[in-house]
Amino acid sequence: MNDILILIYSNPIAQTIRENELLFPWVEAIHVLAVTLVLGSIALVDLRLIGIRAINRPISNISKELLPITWMAFLVAAVTGAILFTSNALSYSQNFYFISKMILLGLAGVNMMCFQFIIGKNLDQWNHYQQLPLPARLAGALSLVLWIGIIFCGRWIGFTLEPVLAIS
Ligand code: HEM
């Protein structure tokens, strides 16, 4: 694992970011922008699922409108996040909040897949419901909690990062 992280840490992109004062802040700014779009678009769908917002609007319309934005923003967040990670791979890989954020991202992905392919596979049938079935409301609430957790962990990475030059 140490060799892989040293390989990532010493690749030319990572070196360029480390040596250029402006690149890291620019990439992180784009990361934050993408993250706000991910959270914003997911929160609108989740609040409808829970039954707090837009309860007179059909859930499948809201989902169809917003999920493409979520996926596009997620892709940008993942690419910029990976670039940020390479610049200090050894330190991030040992950071509690970075590890927690990756675990929460995985759980958010599983929750989304469960909703997409199991709970919400007949979403259109709920279009005339104001209050959605309990599994849908729970999936929305869990999604919101996970994504807020991801944001908090993301923010805490920068406050808690310790320089690591090698893993024993
Ligand atoms: C959509 C999913 C993601 C969300 C919601 C998210 C959220 C965040 C947030 C809120 C920050 C703090 C920004 C700041 O303090 O200015 C952050 C920073 C960061 N994220 Fe993400 N992130 C996501 C995906 C990723 C991925 C996939 C990776 C890596 C593979 C990653 C790696 C990082 C790194 C390295 C930082 C910089 C920490 C620092 O040194 O300040 N992120 N992320």
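This is a predicted model: local features need pLDDT of at least 70, side-chain atom pairs count only at pLDDT 80 or more; totals for chains, interfaces and linings use all residues.
**Notes on the ligand site and the helix packing**

1. Tyr92 places a polar side-chain atom 2.6 Å from a ligand oxygen atom. For Arg155, an N or O atom of the side chain is 2.7 Å from an oxygen atom of the ligand.

2. Which residues come nearest to the ligand? There are 24 residues around the ligand, and the nearest are Glu28, His31, Tyr92, Lys101 and Arg155.

3. Now for the overall build. The protein chain contains seven helices and zero strands, so its pattern along the sequence reads α-α-α-α-α-α-α. The C-alpha trace spans about 55 × 30 × 25 Å along its principal axes. Of the 168 residues in the chain, 35% are buried.

4. Helix α3 covers residues 23–50 and helix α4 covers residues 59–87; the two pack at an angle of about 155 degrees, with 8 Å between their axes. Because an angle over 145 degrees counts as roughly antiparallel, α3 is roughly antiparallel to α4.

5. The crossing of α3 past α4 is left-handed. What classes of residue make up the contact of α3 with α4? By class, there are 21 nonpolar, seven polar and two charged residues.

Conventions. Residues are numbered from 1 along each chain as its sequence is written. Side-chain values use heavy atoms; hydrogens and water are left out. Axes are lines fitted to C-alpha atoms, for helices over the stretch in contact, and angles run from 0 to 180 degrees between N-to-C directions. Helices (H or I, at least four residues) and strands (E, at least two) are DSSP runs, numbered from the N terminus. Angles under 35 degrees count as roughly parallel, over 145 as roughly antiparallel, 65 to 115 as roughly perpendicular and the rest as oblique. A crossing is left-handed if the near helix is turned anticlockwise from the far one by less than a right angle, and right-handed if clockwise. Ala, Val, Leu, Ile, Met, Phe, Trp, Tyr, Cys and Pro count as nonpolar, Asp, Glu, Lys and Arg as charged, and the others, Gly among them, as polar. A residue is near a molecule or strand if one of its heavy atoms lies within 4 Å of it. A polar contact is a pair of N or O atoms within 3.5 Å; within protein, one must be able to donate a hydrogen and the other to accept it, and residues adjacent in sequence count only if both atoms are side-chain atoms. Buried means under 20% relative accessible area, exposed over 50%, partly exposed in between (1.4 Å probe, protein chains only).
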